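Hi,

Here is the structure I promised to pass on to you. Please have a look at it first, and then read on for what I found.

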Amino acid sequence: MKIGFYPGCSLTGSSREYNESVVAIAKVLDIELTEINDWNCCGATAAHSMNEELSMSLPARIMAMAEKQGLTEVVVPCAACYNRLKVTQHDLKDETKRKRVSEILQLPYDGSIEIINVLQMLEKYGAENIKAKVTQPFAHKVACYYGCLLVRPHSILQFDRVEDPQSMDELIKVVGGTTIDWAFKTECCGGGFSVSRTDLVAKLSGNILEDAADRGAEALIVACPMCQSNLDMRRGAINKVIERPSDIPVIYITQAIGLALGIDAEELGLKRHFVTVEL
Amino acid sequence: MEKLRERAAAILADGTVSLVIGYEEGTKRPRPLFCHDGESARKLIFDSRCFHNLAVYLTKKELVGNGRFAVTATISTLRSIMQLYVENQLSEDKLLILTVDLSGTLREFVTFDEISAYVEQFELKRGEREQEILTRIEGMTREERWKFWQEEMSHCFKCYACRSACPLCYCTKCVVEVNRPQWINPWPAPVANMEWHINRAMHMVGRCTACGACGDACPVGIPIDLITRKMMEDMAPEFGYIPGLPVKKGNALSTWKLDDREQFIR
Amino acid sequence: MSKIGVFICHCGENISATVDVERVAREIGGMEGVAHAIDYKYMCSDPGQTFIKEAVKKYDLDGVVVGACSPRMHEPTFRRACAEAGLNPYLCEMANLREHCSWVHEKGEETTEKAIDLVKMLVEKVKKNKPLESIKVPVTKRALVIGGGIAGIQASLDIANTGHKVILIERDPSIGGHMSQLSETFPTLDCSQCILTPRMVEVAQHPNIKLYTYAELESLEGFIGNFTAKIRLKAKSVNYSTCTGCGACIQKCPVKKIPSEFNAGLGTRTAIYVPFPQAVPNKPVIDRVNCNYYKRGACKICEKTCQVGSIEWDKEDEIISEEVGAVVLATGFDVKGTDFFPEYGYGKYKDVLTGLQFERLASASGPTFGEIRRPSDGAIPKKIVFIACAGSRDPAKGIPYCSKICCMYTAKHAMLYQHKVHDGESTVFYMDIRAGGKNYEEFVRRAIEEDTVNYVRGRVARVYEKNGKLIVKGVDTLLGGEQVEIEADMVVLATAGVANCGSEQLAQKLHVSYDPYHFFAEAHPKLKPVETNTAGIFLAGACQAPKDIPETVGMASGAAVKVAALFSNNELVREPIIAVVNRLAPPLYSTCVGCFMCETACPYNAIEHEEIKARDGSLIRTIARVNSGLCQGCGTCVAFCRSKSIDIQGYTNEQVYAEVMSLLND
Amino acid sequence: MSSEEIFEPKIVAFVCNWCTYAGADLTGTSRLKYATNVKIVRFPCTGRIDFLLLLKSFAQGADGIIVSGCHPNDCHYTSGNFHARRRWIAFRSILDMMGVDVRRVQYSWVSAAEGSKWADLVNNTVADIRALGPYTDYQKVADYLEKEVQDGEA
């Protein structure tokens, strides 16, 4: 299986382990990732809260570059980037906007590229094929946490059940894990307020962590760098505000699968987390 | 072919049918043959040179009478027969169809479905002639097409051979004979000719099976079969049917879909 | 040669201001076949009409053209005038000189010339007009009412009381519908069953009503005044003529754990069952899906217990046919289940209920005998949350409309709860309170003020279970969007009212149209709320849109009056604007060759097969014939007919052809 | 006609009684102005409109034609307009094949509530046809015998 690859900024910085684990499992599953040449930032929260044209142009350039490279399908592990690219693609269905953007970019853009997230890539790859490659079943009871950006707005992303998504749970089951039925799958973790309003993040992420812990989850499984860092990096702040401080680790779905595929923790970047991962 | 003759003779003999319509050797090319007895059935031939669409006779009561009769059918004839079934012009209990397939074996059909199952395998393709002329026409501008047809139509002297040859022109009173009002003047004249052929095409929408009989019949060689041919090719995708393969219920014009596509309605 | 009279109206100044009416009259007067042409200030006035009547007699006119306003306005007026003067009304046509000419153009040459053309056109048409007789169709004075809820019951009784026969069919084993499931009713809090059951009994006993329960409509053929309904009587497996309804079989039935439809799944019932104690008819049916005998071929305990031997094991569905003149659709509505709401637990939490389920809890005849208890553990909920607009007014959920009844019944529920659980605490999350209706607003105020129900304006984002409690996370938009979190013992969703299952198929059987949500469509949103687009079929109650009991009853009576009005005539009179297939002398009989393309084209199934037979009875030909009762006169068939064998009266080929020619000939 | 004086096209409108005719009535009651070139022929339904009428109109010297009825799903007869739509799809492609100028036939949906749409439709169509000029191509070949018969009849 060959597929285009857009890591995005987080995966080269705060969440390198996500990048590492994606690359690692891709290798084992022999999925050939072709990184987009000279890719740029998707604009994240900042751009679209300030300037519409900019917020569309940045993702549009990424996709235009991919088109230029002849890619037809691109996997975007970062939920935020995934969301921005999809939303832009949707907005640029509008003729006038598309014209405007391509004149800003000085690049042709036809929006034909299919943007998918990691979960979709693995679904495409096929549960059976993954199962076949499992060497050490991921025998853990975990809470799959999707966050906001992966599933909302449903009208645009058209991915999974918006209030009670299942795709990650399915993948965990495929690699031998069990998932808890809980209430905070798609609650907000505090997102971009990580720095400016750590208190808020502590409260919101706290609720999530607490519920997962209370229901006996050994770990939180995520597919979004922002969620991961809030739940992991901000654990100190979180544990200050919640009743029962918790040390359950927060790992990426790709890391969980990586472990099941027998890839060693180092390579999956499991040593990079703030909350020690012992799984 | 021998088998065909034997079978024809047999069914005539045992009274299964009172008539077998087929082909016999003609002076230049095969011509239609009406066998009422085993004797004449021996003259029957059936090969690639037989192209007359015998379906045209099947709706003529004075020829076929009220009894059961048989016809040796080419693929075109089969297509026409299917359409005639759809339009209640033939009844399955009155008709027995004989044909010889590519492998040379004799086949018999009665019902619409039997024929359909067989005809399905044959795709309706443009022949060289059609291909040549149609690509030429398709290459023209609108004005050129208008000139082209004006020129062609100027030869038409309204002999209505096209009408007589067409198996689907079975109306007892044709629209040109309707005179209250006189929609289309029966005599040859530029507009009247134009109207006649456009009208023919409209009447053939969803019905024509592109047997080409009209074109073959035209004594002045106007490629009129291509008007219906083109129409059929254009409409097939629009209304989602397979060219030359009639469907049982409702023709393209007398049915509709909520999502019929069109770009010209403001 | 024809003698046409032409009458040009000034319409006060409306036409004459921009059109030179004198000139129009003058020029038309000179037209071939025009015997008389005048202009007058107000043609529709009494003197104006008198002019026409006199002219018809004086010049013995064989056609009249009135150049005035739109025919959609005054065609009937002038046709009547002609009829009174002894001229066939269908020989009168109107030229639209006002809406289509004087009002849309400036004063000037062209305007007058256009006016002349328009009149000319109609003169040419009238020359080809033929006298027509309006069509009379007989009326079968029996009504079919589909659905035995309050709407169907009311409609049946009203029709029956006008002295006409009614056939009432109900899908379930008993009539009563949703209303019989309700505890108390707003705004009066009187017991639903107490007011309904007498009506149910009345239906059963009414001499003019024939009741078929456990029956469904199979098909409906025909047209207004002349329908044939095929009705499927589902096998009850119990002989009602001998069954005494003693109920012994029900006591003994070993299959006891079937969720009861009547109790909205909260209670259970047996395999042989009467849906509820006050059922009409109060006799059981066997639910073959769950019955041991039908499942495994063994049991038959009910048969042993039955004193009168009423059990009929191998009884099969029966299809009967009834002739009726009108149909009332009263198939009601349904409510969304809790499983429609992922954010509220996808129906996996036992103590998250629908409003209908709460009705059963609150009902004295319900599974808890009127005590509010949690389905999960039978405990009495101390904290209860009601969520209004669960699904309704939510485009994301595909239900953008307001279900209308929820605001009221939610207020009622909260009220009932407070009356039953005095130390209880109830909260209602709402978007808006829609309490339009007599004493409705007052009712809601009472809930808030006297029964201290806590109303929170805001949506609930999520409901989830945590250590035996239901955590309700919502927002209070009146307190600056403050987040609210309630640990509730029970949550009641005022789920959206939706079209009843199968309504789409039913609509297709009846050829009535339905809206995107599968509610049946009324003929006109304002002026024809109980009619459908199919003549002779009427609507009553929530099958048209969610509505409360008073509205439903009102609508049902409305439909009943429409039926009664229809039945007040022995025959129906219709405009003769219909298609006809030409008939000629033998040997042709008709130019129709019977290809029946018209048949597939006709939206009303009005094309019939007519067999032309010789004296000896042998079939000569089969040609098309138009059923004048079914034909609505669209003329689609006419445009199809290759041999021009079918034509439409009032818009014949000759007429329209003449119009077009006159317009362009000069 | 000399080139400087503006050309007044002859346009026939075939409309259905329930939507477009009523819509045109509304144009009147709302006193919206439009060109006098268009004359309306009333039909019960677009389903009734025979393609031959369109042909005859051109033969009789029409420079343009408007065909208009109820929007899809609004047909008074539930499906007449759907039938019509199919007919026009087929008819248009045949006319085009024969080299007839299909731009001269303007199809439209105008509801009983769209008085202003009707006015615009008429004005735009008049403008378009004016731009195309008289349909002499067709009129040239319109045959004299036919004319004579017509005059004889009329």
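Please keep in mind that this is a predicted model. I'll start with how the chains sit relative to one another, beginning with chain A. Chain A and chain D do not touch, and 25 Å lie between their nearest C-alpha atoms. Chain A does not touch chain B either: there the nearest C-alpha atoms are 18 Å apart.

Four pairs of chains are in contact, and of these, chains C and D share the most contacts. Chain C also meets chain B, with 16 residues of chain C in contact with 19 residues of chain B. On the chain B side of that meeting, seven residues are nonpolar, eight are polar and four are charged.

Now for the inside of chain A. Chain A is divided into two parts, domain 1 (2-116) and domain 2 (135-272). Taken over C-alpha atoms, the centres of domain 1 and domain 2 of chain A are 23 Å apart. Where these domains meet, 21 residues of domain 1 of chain A are in contact with 24 residues of domain 2 of chain A. On the domain 1 side, α1 (16-28) and α4 (79-91) of chain A each supply at least two of the residues that touch domain 2 of chain A. The largest share, nine residues, comes from α1(A). Sorted by class, this side of domain 1 of chain A has 10 nonpolar, seven polar and four charged residues.

Chain A also holds an open sheet of four strands, paired in parallel, in the order β6-β5-β7-β8. Its edges are β6 (178-179) and β8 (250-252) of chain A; each has a single partner strand, so one side of each is left without a neighbour in the sheet. The partner of β8(A) is strand β7 (residues 219-222) of chain A, and the two pair in the parallel sense over three bridges. In this pairing, Ile251(A) of β8(A) is the bridge partner of Ile221(A). Helix α11 (residues 225-233) of chain A packs on the sheet, where it touches β7 and β8 of chain A, and its direction makes about 155° with that of β8(A). Helix α13 (residues 253-260) of chain A lies across β7 and β8 of chain A as well, running at about 75° to β8(A).

Chain C is next. Its domain assignment gives domain 1 (4-133), domain 2 (142-182 + 191-332 + 511-567), domain 3 (333-498) and domain 4 (579-648). The centres of domain 1 and domain 4 of chain C, taken over C-alpha atoms, are separated by 35 Å.

β22(C) pairs in the parallel sense with strand β21 (residues 383-390) of chain C over five bridges, and here Thr427(C) of β22(C) stands opposite Val385(C). Together with helix α12 (residues 406-420) of chain C, β21(C) and β22(C) make a right-handed β-α-β unit.

β22(C) also pairs in the parallel sense with strand β23 (residues 454-457) of chain C, over four bridges. In that pairing, Phe429(C) stands opposite Val456(C) in β23(C). Here, too, there is a right-handed β-α-β unit, made by β22(C), helix α13 (residues 440-449) of chain C and β23(C).

Enjoy exploring it!

Best wishes

Terms used:
Residues are numbered from 1 along each chain as its sequence is written. Chains are lettered from A and ligands numbered from 1 in the order in which they are written. This is a predicted model: local features need pLDDT of at least 70, side-chain atom pairs count only at pLDDT 80 or more; totals for chains, interfaces and linings use all residues. Two residues are in contact if their C-beta atoms, placed from the backbone, lie within 7 Å. Ala, Val, Leu, Ile, Met, Phe, Trp, Tyr, Cys and Pro count as nonpolar, Asp, Glu, Lys and Arg as charged, and the others, Gly among them, as polar. Two strands pair if DSSP finds at least two bridges between them. A crossover is right-handed if, with the strands pointing away from the viewer, the path from the first strand over the helix to the second runs clockwise. Axes are lines fitted to C-alpha atoms, for helices over the stretch in contact, and angles run from 0 to 180 degrees between N-to-C directions. Domain bounds come from an automatic or database domain assignment.
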